[in-house]
Structure formats: C-alpha cells, structure tokens
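Thank you all for making the time.

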Amino acid sequence: MNYRELFPLVVTAYPALSYLDNAATTQKPQTVINRMNLFYTTENSNVHRGAYALSERTTVLYEDARQTVQKFVGAKRREEIIFTRGTTESINLVANSWGTANIKAGDEIIVTILEHHSNFLPWQQLAKKTGAILKVAHLNESVVIASESVKKLLSPKTKLVALAQVSNVLGCVSPIKEITAAAHAVGACILVDAAQSIAHMAIDVADLDADWLAASGHKMYGPTGIGILYGKYALLEKMPPYLLGGGMISEVSLNSYEPADLPDKFEAGTPPIAEAVGLGEAVKFIERIGWENIQNHERELMSYAVEKLLTIPAVTIIGSKDPALRQSVISFMIKGVHAHDVASILGAHNVAVRAGHHCAEPLHTHLGLTATARASFALYSTHDDIDRLCEGIAEIKKTFKL
Amino acid sequence: MSDLYREEILDHYEHPRHAGKLENPDISFATANKTCGDKVSVDIIFGPDNVVKDIAFTASGCALTIAGASLLSEKVLGKTTVEICALRETDMTIFTDVPAGSARIPCIMLGLATLQKALQQLRT
C-alpha cells in the first residue's frame, strides 16, 4: 500500500527527501491539513459554550475530538481525557498537581535510565523539592527495560513509577501491563509516556490499567501544539488544578475560587481548538488505515533496515539487533565519524536523520556515548528510504576514508 | 554541501595543525559544547607586543570542530590579542567556508570561543 501519496509534504514539497526523523515529528496527511483549514474557514470561534450558533458548533467539534481520543485510547469517560500542549505538559501537569499534593519526604519514585528528559526532569525535581528518593531502573543484558528491572526497585515506599512505553533512542517496548500490575501491588501509581508508541501500536488504557498516559498529537500525524493526558477519573478528580485562569473555574470571588469539574479543571485558558480538531482527524486517519496495516508495514521496514545496517561493518546499532524488539526507531553510530558529521552528510544526500542525545542524556552517558544518529520510520517510509540511508552511509565512509 | 567536507576540511580534521599541548604555556584554557560533547582546549605562548608566538589546540568531537580549531590556529599565529579578540563568526565562516546560519556554526566556533575566553582570562 502506497501511503506516501496521502502526505503532501512527502510527495510534493520534498519528493526526493527520505524523511527518517519521525520520532522528532511526523508529516501530516492531507485530510488533517484540510480539516484544520476547514475549521478556520468555517467553524472557528471560542469554546466555553457561547450563546450563539457558531460557538455551539465549535464547542461540539472540540468535544467530538475529545470523544474521538477517548475511544482511541480506551478511556471510560470523556472527563478522563485532558487536552494539553503535548506530552511534556501532560507530564508536568501530573508532577505539579498530583506530585506536589501526594509526594512526601522518604517516598520513592521510580523512573528508567532510558527516559526522555520530559519524563525524567519533572520527577527529578519533584524528588529534590519534596525530599523523595528517585530510583532509576536499568537496562538488562538485552538492552531493554524488563519488568524485573522495575520490580526489583519497588518497595512499600514507592508512590510512582514513570516510564516510556517505547524508547525514543533504543526503540524497545517496555512491558507496561506487567509493570503496572507490580506497581499497583505495592500501592504505587504509574504514568506512561506514550509519545513514541501512540502512532505505532493500539493503546488500551483500561487493559494497561495505567493511572495516567501522556502523548503528543504531532507524533501521530496530527498538528503541533496539542497533546493528551489520560488519567483515571478517581485520580484526576482529587488532583488540584495546574494552570489557573479562565475556563477552569466554577466561580471566582475576590479572595478565592472554586475549580470547574473535569475535564475543564485542567484546561485553563483558550485551548488549542483547531489543533484538537486536527488531532481528532489524525486519530480517524489512523483508524481508517488500521493497526494491522500499520504494524505490518513498520515491522517489515524495521526488519529490512536492521538487516541492511548489519551488513555495514562500520555501523553500530545502539541497543537490540533483533528487529522484533524494536519499534520504529534505530539509533546508530558510524565508527570514526561523529554523529553530527553523519547527520550533515546524510542531510546533504537527502536523508533526514537526527543527531545528538535525543533528549536522553542520562541514557547516552550510561551507555558511554555523547551523540548518536537516529533514523525513525512512519507510514510513508519505504525500502527506498532505507536504501538511501545506506547509500548515504557509504558516502560517509568514502568521505572519511573508512 | 559536499563542500562542507571538502578536501581542505578533511585534511585539517585528519591532520590538525598545531595539535596537542605546549610546554609552559602562558595560558591554558578549555571549553566544551555540552549538547554534543565536543571539547576544545588551547595553550598559548606570547611573544613581545602581545603577539601569539606559539599555539596548540586539543580538539575532540566532530570534523568541523577539529578542522575549525586547526584552521584557526594557522590564522592566529603572529596576531595580537586585540586582533584575535576582534575575530567574529563571519571570520570563521570565511576560514571554513561553512555558510552563515548553518546548524554547524557552533562546531566551527568552538575553537574561536575557547581562544577568546582564554584571552579574557589574561585581562583578569
């Protein structure tokens, strides 16, 4: 199936580009772009239930988007879906709201060594602020986070486990269900960073039993500036508001205020309305293609990519060499060439990859690395893109006389 | 763009000029680019009239950082501290032929930044 033609930037603006930086952001299908254009052309006004027809229409669209996302992640109630600016804001919301109200000195928070800074720093600083202890789960011999990695750190003092479902560097998939069960057994809550998984696998928050789940629209063929926070109703209900202002109140007097009910309580200010509508369309786009097609496509691509890269002796794949253990992300190094040089030369050959520590500096330091190059796939990625990547690597070897 | 890695740059990367350390330098200074891990350190010996008599760079990291430091070392020998402090990003883009506004500017600038910070130490 040729998914490329669904994405205008890929086929029209940059047809010669092998865009392999999808872990950073994805390109958008025409339907999502059209949906947002339509919104601004014919449906734009502010939400919060204005008294005129256009405002009612906008509100309905915004709430429809919420319900679309609710069904997409398997949440029971619409109040369990909060629209934020992105994964980072979602996690900061939980850290500042639930974290500040519930974490005390001596409590334990578990994160993993592979976390993105957005699911690491809020907990690092919460621990510093409250006197809680931050424990870091490590990779096993297969260079993945196994449930054992987390289980051995759990104790009666553990209040929270925060971990990524898919690593944006290693591409490994963590066993969320098992870890959640173990965390709950000691009375701890669990927050799942789904930024790298949301576009690549079906997520059912009820099945995972996650307490919170955070994701970003722009990594799932949706617009920038919109993210999701799923939270169990019982938890969200008790959590104090995060941002204060219009839209999250039920009444305000000179000296105090009453917060609104969920989900409004956590949606202060004018929300990213067009973006929410765009996200709803992105969800529908994914649902139309179907998880089976998406996973077959990406699984096949990953096998091909690993197979080809393993034939180049100068290339080191960071993490597992088993494609079955990887989801859409391959970080690698070329012996004797700095990652920035790799990315520059690949860029000059129309292959877009990312270089650096990918907002996972603790992981890189732990692995003894400063910078790696990273290729990541999406629906419009093809065998051709992988071939280009390998040709680019051959160019690099030639340039540096390897 | 293949010009970015043209022969001259690769030559300086593989055979950096004035590489290493000096014995009894007048100043020794090091900086790092924390985001990518590239490091540069510089040793300088001055002659009369604050002219750079000898210089040595130790650079590690990407090709442009190393080549940048090497190209710079050739340019600054015999220059005064005043002249060196007046060097700007535009000068480095000319020495290295990296286009202004390129994402690789921090790489080629690391050597100059290190050198200029070292000279500031001299004043204080």
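How many residues of chain B are in contact with residues of chain A, and how many of chain A take part? Please keep in mind that this is a predicted model. On the side of chain B there are 17 residues in contact, and they face 13 residues of chain A.

The size of an interface is often given as the accessible area lost when the parts come together. Here, chain B and chain A bury about 1,100 Å² between them, and 55% of that area lies on carbon and sulfur atoms.

As for the polar side of the interface, seven residue pairs are found in polar contact across it, with both residues of a pair at pLDDT 80 or more, and two salt bridges are found between chain B and chain A. One of these salt bridges joins the side chains of Lys401(A) and Glu14(B), with an N to O distance of 3.9 Å. If we ask which elements of chain B give two or more residues to the side that touches chain A, they are α1 (7–14) and α2 (63–76), and of that side α1(B) gives the most, with four residues.

Let me now turn to the surface patch. Leu244(A), Ile249(A), Val252(A) and Tyr257(A) together make a nonpolar surface patch of about 360 Å². Among them, Val252(A) belongs to strand β9 of chain A, which covers residues 249–252. Val252(A) counts as exposed because its relative accessibility is 58%, and the cut-off for exposed is over 50%.

Key
Residues numbered from 1 in each chain as written. Chains lettered and ligands numbered in written order. Predicted model: local features only at pLDDT ≥ 70, side-chain atom pairs only at ≥ 80, totals over all residues. Heavy atoms only, no water. Patch = residues over 30% accessible without salt bridge, like charges linked within 9 Å, V, L, I, M, F, W, Y side chains within 5 Å. Areas by Shrake-Rupley, 256 points an atom, 1.4 Å probe, with all protein chains shown as cover. Salt bridge = Lys/Arg side-chain N within 4 Å of Asp/Glu carboxyl O. Buried < 20%, exposed > 50% of the residue type's maximum accessible area, 1.4 Å probe, protein only. Contact = heavy atoms within 4.5 Å. Buried area = accessible area lost by both parts, 1.4 Å probe. Polar contact = N/O pair within 3.5 Å; in protein donor to acceptor, adjacent residues only side chain to side chain.
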